[in-house]
Amino acid sequence: MIRIYKAFFVALLLAVFGSLYAADSMEADDFVDEASAKGIAEIESGKLALQKSTSPDIKAFAQQMIDEHTAANQKLAQLATTKKLEVATEAELMSKAKKWILQLRDGESFDEAYANNQVASHENTVELYRKAAQEVDDTELKAFASKSLPTLEQHWEKAKQLAATHKKHD
């Protein structure tokens, strides 16, 4: 009889903790949608930086963001297509608002705002990809997230350097 209670208790624990673990996992379609939207935001803000920046290092970084996020979004779209998942067609609402704010700035003010925006957006993107690399419910998407992380972390570090370089001194 004790064996039955132990077996029942173990099964109950597995069910409870298993459902908690499953509730924490990231859905593949959520990752694809959010990651592709963040990529679009990077591309669009990079294009804006090429037009408005007065700084060669900001322009070089912006071109790198356009090139690398375009390539990453293309890979993600190919992977999503094979899984019958949809990618975002527009940047997230918050990213759109940040882009709008950037459009109002020029010169050094733009460069500082762009660099700060890149720090924040890459911090969020790295966080998303780290979570996906651990929790996404699809092995190929999990591998894509893991493989993309080092590049995104390099973007984040470079953005921090640019933000420090372009910070206005009061």
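## A charge over a ring

Start by selecting K160 and W156: K160 sits over the face of W156, 4.1 Å from the ring centre. Keep in mind as you look around that this is a predicted model.

## Into helix α5

Next, pick Q118, which you'll find in helix α5, residues 107-135. Is Q118 buried or exposed? Its relative accessibility is 0%, so Q118 counts as buried. Now show what surrounds Q118: leaving aside residues up to four places away in sequence, Q118 touches E42, S45, F61, M65 and A159. Hold on to F61, because we're going there now, and F61 counts as buried too, at 2% relative accessibility.

How many aromatic pairs does a search of the whole structure find? The search turns up four. For one of them, select F61 and Y114: the ring centres are 6.4 Å apart and the planes stand at 70°, so this pair is edge-to-face. These two come from distant parts of the chain, with F61 in helix α3 (residues 56-82) and Y114 in helix α5, 53 residues apart. Y114 has 0% relative accessibility, so Y114 counts as buried.

Now move on to Y129 and F144. This aromatic pair is tilted, with 6.2 Å from centre to centre and 45° between the planes. Y129 belongs to helix α5 and F144 to helix α6 (residues 139-165), so the pair ties together parts 15 residues apart in sequence. Both Y129 and F144 are buried.

## Two helices side by side

For the last stop, colour helices α3 and α6. Their axes come within 12 Å and cross at roughly 170°. Which way does α3 run relative to α6, roughly parallel or roughly antiparallel? With angles over 145° counting as roughly antiparallel, α3 is roughly antiparallel to α6.

To see where they meet, show side chains on both helices. On the α3 side, the contact includes D57, I58, F61, Q64 and M65. On the α6 side, look for residues including F144, T151, L152, H155 and A159. What kinds of residues make up the contact of α3 with α6? They divide into 11 nonpolar, five polar and five charged.

Conventions
Residues are numbered from 1 along each chain as its sequence is written. This is a predicted model: local features need pLDDT of at least 70, side-chain atom pairs count only at pLDDT 80 or more; totals for chains, interfaces and linings use all residues. Side-chain values use heavy atoms; hydrogens and water are left out. Helices (H or I, at least four residues) and strands (E, at least two) are DSSP runs, numbered from the N terminus. Buried means under 20% relative accessible area, exposed over 50%, partly exposed in between (1.4 Å probe, protein chains only). Contact means heavy atoms within 4.5 Å. Rings of Phe, Tyr and Trp (its six-membered ring) pair if their centres lie within 6.5 Å; planes under 30 degrees apart count as stacked, over 60 as edge-to-face and the rest as tilted. A charge sits over a ring if NZ of Lys or CZ of Arg is within 6 Å of the ring centre and within 35 degrees of the ring normal. Axes are lines fitted to C-alpha atoms, for helices over the stretch in contact, and angles run from 0 to 180 degrees between N-to-C directions. Angles under 35 degrees count as roughly parallel, over 145 as roughly antiparallel, 65 to 115 as roughly perpendicular and the rest as oblique. Ala, Val, Leu, Ile, Met, Phe, Trp, Tyr, Cys and Pro count as nonpolar, Asp, Glu, Lys and Arg as charged, and the others, Gly among them, as polar.
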